[in-house]
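Visitor: Could you take me through how the helices are described here, and on what grounds each description rests?

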Amino acid sequence: MNIIEIIISSMALASDAFAVSLSKGIALNKIKIKNCFIVASWFSIFQGLMPTIGYTLTTILNKFSFSYDYIISTIILLFLGIKMIHDTLNNKNVVNNSLNFIEMLMFSIATSIDALSFGIAYKLAYNSHNALICFITISIITFILTFIGVQLGTKLGNKYEKKSKIIGGIILILLSFNILLEHI
C-alpha cells in the first residue's frame, strides 16, 4: 500500500470511531482536553491494536469462521444507541458523562472490529513490511478524528442538550445498521 491508500483506509476505519466520539462528546457537559484525550486514546489504541492482532494471527484466525464478527459491533452499537435515547427521554444521565472503563471498552471494541478484519485482509493481500507503518497511521488518524469528534459533540451537546443526545443515539443506531448492511 502506498501512503495515500494508507491514509484513505485509515480515515475509513476511523469514521465509525469518529461518529461514536461525537456521540460521546454530546453526553459530556464541558469540553475538557483531558476527556478528549481519554476518548481519543481509547479509540486510537484499539484501532491500531486490532489490525495488528489480525495481521499477526491471520493463520490462526483463518481456521475459525469470523464471517459474523460484524454482529458483535452491530449489537453493541445498537444497544448503546437505544440506551442513549431511552435514558434521554426518561431524563436519566445519558451515556453518562464519565469515561468509565466498561463503557469505553465496549465502544472501542465495537468500532475496531472492522480494523481486525482489515489487518487480516492486509496480511493476505500485501504481506508487506510496511504493515507497522500502516497500523500506526490508522491509530494516529483515529486519535485526531476522535479528539475532534468529542469536541464537536460537546459543543452540540451544550447548544442543543436533549435533542443532540437523541441525535447521538440515532447516530449509534444508524451506524449499527450500516455495519449490518455492509456485511449482508
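**Helix packing and a salt bridge**

Guide: We can begin with a crossing in this predicted model: α1 passes α5 in a right-handed crossing. The residues of that contact divide into seven nonpolar, two polar and four charged.

Visitor: What makes α1 roughly antiparallel to α5?

Guide: Helix α1, residues 3–27, and helix α5, residues 101–125, pack at an angle of about 165°, with their axes 10 Å apart. Angles over 145 degrees count as roughly antiparallel, and therefore α1 is described as roughly antiparallel to α5.

Visitor: Which residues of α1 and α5 meet?

Guide: From α1 come S9, L13, D16, A17, V20 and K24, and these meet E103, M104, F107, T111, D114, A115 and F118 in α5.

Visitor: Why are α1 and α2 called roughly antiparallel to each other?

Guide: The axes of α1 and helix α2, the latter spanning residues 33–56, come within 11 Å and cross at roughly 160°. The cut-off is again an angle over 145 degrees, so α1 and α2 are roughly antiparallel to each other. Their crossing is right-handed, and the contact is made by L13, D16, A17, V20, S21 and K24 of α1 together with V39, F43 and Q47 of α2. Sorted by class, the contact of α1 with α2 has five nonpolar, two polar and two charged residues.

Visitor: How do you know that E103 and K24 meet in a salt bridge?

Guide: The side chains of E103 and K24 meet at 2.5 Å, taken from N to O. A salt bridge calls for a side-chain nitrogen of Lys or Arg within 4 Å of a carboxyl oxygen of Asp or Glu, and so the pair of E103 and K24 at 2.5 Å qualifies. A search of the whole structure finds one salt bridge.

Visitor: What parts does the pair of E103 and K24 tie together?

Guide: Because E103 lies in helix α5 and K24 in helix α1, the pair ties together parts that are 79 residues apart in sequence.

Visitor: Are E103 and K24 buried or exposed?

Guide: Both E103 and K24 are buried, a term that stands for under 20% relative accessible area.

Visitor: How do α2 and α5 pack, and what is the class make-up of their contact?

Guide: The angle between α2 and α5 is about 35°, and their axes are 6 Å apart. In passing α5, α2 makes a right-handed crossing, and the residues of the contact of α2 with α5 divide into 18 nonpolar, six polar and two charged.

Terms used:
Residues numbered from 1 in each chain as written. Predicted model: local features only at pLDDT ≥ 70, side-chain atom pairs only at ≥ 80, totals over all residues. Heavy atoms only, no water. Axes fitted to C-alpha atoms, helices over the stretch in contact; angles between N-to-C directions. Helix = DSSP H or I, 4+ residues; strand = E, 2+ residues; numbered from the N terminus. Parallel < 35°, antiparallel > 145°, perpendicular 65-115°, else oblique. Left-handed = near helix turned anticlockwise from the far one by under 90°. Contact = heavy atoms within 4.5 Å. Nonpolar A, V, L, I, M, F, W, Y, C, P; charged D, E, K, R; others polar. Buried < 20%, exposed > 50% of the residue type's maximum accessible area, 1.4 Å probe, protein only.
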